[in-house]
Every structure is written in C-alpha cells, then in structure tokens.
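Below is a short report on one protein chain. Keep the sequence and the coordinates open while reading.

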Amino acid sequence: MPTSKIPPFLGQTWGFVALLIIPRSFLGYPSPGFGQARVISSGNVRRLSVISSVSSDVRSFSTSVETRVNDKNFEKIYVQGAQLGLWPQMIPVTRRRSNYDQVFIRDFVPSALAFLLKGEGEIVRNFLLHTLQLQSWEKTVDCYSPGQGLMPASFKVRTVPLDGNNEAHEEVLDPDFGESAIGRVAPVDSGLWWIILLRAYGKITGDYTLQERVDVQTGIKLILNLCLTDGFDMFPSLLVTDGSALFYSALRCSREMLTQNDASINLVRAINNRLSALSFHIREYYWVDMKKINEIYRYKTEEYSTDATNKFNIYPDQIPSWLMDWVPEEGGYLIGNLQPAHMDFRFFTLGNLWSIISSLGTPKQNQGILDTIQAKWDDLVGHMPLKICYPALEYEEWRIITGSDPKNTPWSYHNGGSWPTLLWQFTLACIKMGRPELARKAVADAEKRLAVDRWPEYYDTRNGRFIGKQSRLFQTWTIAGYLTSKMLLENPEMAALLFWEEDYDLLEICVCGLSKTGRRKCSRFAARSQILV
C-alpha cells in the first residue's frame, strides 16, 4: 500500500480525522482579515489569543467550529485559518464528553506522525509552536501554580469578548495544567512528548530551522531544567518503566537538538550524566528473565554490605505465583517498578516498547522483550493489540491499589485493558529490531475488528475480546495509530528516523564516584561486557 493512499478497507475512515484549524495570526505573521496575536495571562495561566478587529470579522470567519469535507473526503474543522491539532474523538461536538472537547499533547503524537509521514508537516509545526507558547514561564510559588517549564496536558479553544466589549472578540487557547483533570493530576509527560515530537518533525521533514529558533531552544531548556532538578528522578512517574523510558527518549532528543555553545555546555553535561545513570540503573536492576527470577528466588535478605547482592532487600516471597509459570524460557522484560523491598513484576507495554525504541535496554534485552511478546502473544496481544499492562490487579490488590476504581476493574482501561494506539509504537520497535513480521501480524489482527467496532479507545477482558465498557468510539489516536503503523511498515526507512541505536559513549561515563573512594570499582565497568552484548 503506497503511503499516500488510504488503506482500502478503511473506506471513508480518514474523513473522521478532523483538523482543528487556528488563525494564521497565531503563527507570528500577519494574515488579512485578522488582528494581532498575543499571549495574555490570567493568574498563573498563560493563554494564546488572537484579536479580531470587529465583530463582523469574527462572524465572517465563524466564531464557531465549522466542519467541511474537501474533495479528498477529509472532514476538517476550521476556526479562522491555520491547522493546529486534532479532536481526541471524531464525533459531533455536541456529543463529546466534557474532557474530549480539547486537544491533548500526548494524544496528538500518533496523529502528528501520520501527517508527517504523509508529507503534511505544517499542522505539526503549528502545533509545536502554539503549545510552546502555552508553556508555563512562572516559577512555582505555591502548590496551585504550574512549575516553570511545565507543558499543559491539553488546551481548549474559547471565543470570549475582548475586555468586556461585545464589538470585539478574541479566540483564546486555554491550557489545562491539571487543574481540570480527573484527580487533578499534573501533566508530567506532556513536555517529554513535545520534545520527542519536535525531533520527529525535524527528522522527517528535514526542516531543522524550527528546533534552532531561540524560543524553541528556550522551551527545550525550560523543560530540561524542570526534569533535571534534584529529586525529579525519584518522582513516582520516573520509578516506573513507562516514565523512565519516555524520560530517557526525551533526553536523547534534547541532546541532539540543543544548540552547542558555551551557554549549553553544562546542560549537555547534565543530560549525559543522567542518561548514563538511568541506562545503567534500568538495565542492571529492572531487567528480569528466567535466570534473574531464579536468582531473586534464592536471595538472602537484610544484607549490610557495599557488595550486597540483594541491594534493594527484595524478599523472595514477593515473586508472584503467576510469574513463576509465565516467564518464558527465552527472553525477558523490564519490570514495572522497583523500590526498596518492593518489585512490581507486571509487564508494562509502553515502557518496554520505548526502551527498545530509545535503546534504553541493551541490544540483547531489546530482542528479549520482543521474544517475550511473541512467546506470550495470547496474553499481551490476544484479540486486540496491545495490553497496556499484564496481568491486571484483581481482588484485594485491586481494592487497595486502585481504591476500588470502577473504571479500572480487572482487565479494563488502565488495569490490563487493550489499547490499539500502542500499535504504532510496537511497529516501530519491531522494525528497529528487524522483526517487522510481528508488527504485520498485530496489524492484521487489529484490522479484523477496528473499523467494524468503530475505532474504540480501548478493549476489555483478558484477551481483549470486548469493546471497553466506557470506551469512546471513533477515537483519533486509535485511527492514527493504525494508519501510522501501516505507513511505517511500507516505509521502514522512515521508521529508522524515529528510533535510536546504542550510544556506546554513554558506557564510558560514570557519575557514581565510587571509584574515587578507593573502596571498590564502579559496577558499571564490571557489567560492561554484559551491556555490550
């Protein structure tokens, strides 16, 4: 299938991918019929706005979202001008849930890649620039303000009177830094995804002028300053494989894109140090296979020594019964979480896939992850790729850890649900490791149901047989994830622009300082022979 064409079985599905169009004046250059773009502040929240000169201008270009279908059957949404992003759900505005009437940074990434692979880079460029202008610049003064450098989780487009004057209006991009989110969760990963997408834009389009702009360089540095602060690596988000892998990927992206000069030399050094420490920690302590689990099974506890084998004092009884029979003879994976006296042995798909894509894992570990997915296909892929984690929390664990969350019941949503949007990341990992046949098999499995089921957000049950009980239909990142997978398989040379190979220079960097104490040598050097395998 040529990448410029819509997959035949999709029919008119691409038409559901609606484009949210924002005024050309948001781009920083004048556009006939519009006023000036400006950033306004309300408390600690930054909003991007465009001022229309008179109300007739607003009416002539429509203050409401207008849907059109062009001759290519793309259903597009226009708000006065330039393409900016996508709705998370492709249904009429009046039927969208309250948290689905905005553009999410994380959710837009697979759609952005689909556009880039089709040669339509303008919408991605606009998205990157405008979300950058929503970045928080104020330093945190209390627990209710976003930290400096924080990117919003999402934003809405609002039309409001200008300074109380009904004769003039402005369109406002209203960011959400977590104050409207369910559970009021701060968007820790938005900045990481923004950096990853920025690199992808430059790699695929060849337009590196965007990442070289002063404002973009400043945005990258603000995110890095936030992520490289003391203690950030101990945030709960970074203790799980998903967070560590995304963090590692964003650091590798940033190191590539930062302008090398005297002002950035210390930041680049800090990035290298964190990359080195993170890669060693994950490879050495998060990896499990049959051999490692048997080693943990025989651990001694309460060891008080610099040479202790059981460094985190893990009790053998923590090994769950399901794991003893589940772990394959060949292969392995990165566990979900590691803390003193605690290991979460669940398989988290996002973190393991991005460990392959970013080379956070060793070449041998990366192949082992795919070996595990292949060996445990019925569990991790089943009827619909792919499980977000395996296994689900059940019974007392579910009640204690989730708080009896009715949405996260066993084998549903984030508790063992199956998410088709993970398909493009699985495809990218398979292409990198020279095993595209696994991705083709997963895509073929997905094709049997996605269009018939109307592109659900996620699937439920142990094998992903049922559409999720609260799953939204016509989900944008489900559609885009499938399309991106198809295009990557048809153009593997494009996939090569999106992943990283092993960085052997990182193996020469040691930041632990143990060798300077004279007590013993750093374990990094002892483990190097294994890391290079």
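## Model confidence

This is a predicted model. The average pLDDT over the chain is 80. A score of at least 70 is reached by 73% of the residues.

Two stretches call for care. Residues 1–79 stay under 50 in pLDDT. The model still gives them 218 contacts beyond four places in sequence. The pLDDT is also below 50 over residues 513–521. That stretch has seven contacts beyond near neighbours in sequence.

## Overall make-up

The chain runs to 533 residues, and 56% of them are buried. It holds 20 helices and 15 strands.

Now the contacts with a separation of 6 or more: 69% of them join residues 24 or more positions apart. The accessible surface is about 23400 Å². Carbon and sulfur atoms supply 52% of that area.

## Helix H8

H8 covers residues 241–257, which is 17 residues. How far apart are its end C-alpha atoms? They are 24 Å apart.

Is H8 enclosed or open? Of its 17 residues, 15 are buried. The helix is therefore largely enclosed by the rest of the structure.

## Strands E7, E8 and E9

E8 (residues 154–162) pairs with two strands described here, E7 and E9. Strand E7, residues 103–104, is antiparallel to E8, with two bridges. Strand E9, residues 165–176, is antiparallel to E8 as well, with nine bridges.

Phe 155 is the bridge partner of Val 103. In E9, Phe 155 has Pro 175 as its bridge partner. In general, the side chains of a regular strand alternate between the two faces of the sheet.

The structure holds 15 salt bridges. Which residue does Arg 125 meet in one of them? Its partner is Asp 207, with the closest N and O atoms 2.8 Å apart. This pair links distant parts of the chain, 82 residues apart. Arg 125 sits in helix H3 (residues 122–133), and Asp 207 lies in the loop between H4 (190–205) and H5 (209–212). Arg 125 has a relative accessible area of 22%, so it counts as partly exposed.

Arg 435 and Asp 371 form another salt bridge, at 2.8 Å from N to O. Here the partners are 64 residues apart. Arg 435 is in the loop between H16 (423–432) and H17 (436–447), whereas Asp 371 belongs to helix H13 (residues 363–375). Arg 435 is buried, because its relative accessible area is 11%. Asp 371, at 27%, is partly exposed.

Are Asp 107 and Arg 106 buried or partly exposed? Asp 107 has 14% relative accessibility, so it counts as buried. Arg 106 is partly exposed, with a relative accessible area of 35%.

Conventions
Residues numbered from 1 in each chain as written. Heavy atoms only, no water. Helix = DSSP H or I, 4+ residues; strand = E, 2+ residues; numbered from the N terminus. Buried < 20%, exposed > 50% of the residue type's maximum accessible area, 1.4 Å probe, protein only. Contact = heavy atoms within 4.5 Å. Areas by Shrake-Rupley, 256 points an atom, 1.4 Å probe, with all protein chains shown as cover. Expected span 1.5 Å × (residues − 1). Salt bridge = Lys/Arg side-chain N within 4 Å of Asp/Glu carboxyl O. pLDDT = per-residue confidence, 0-100. Pairing = 2+ DSSP bridges.
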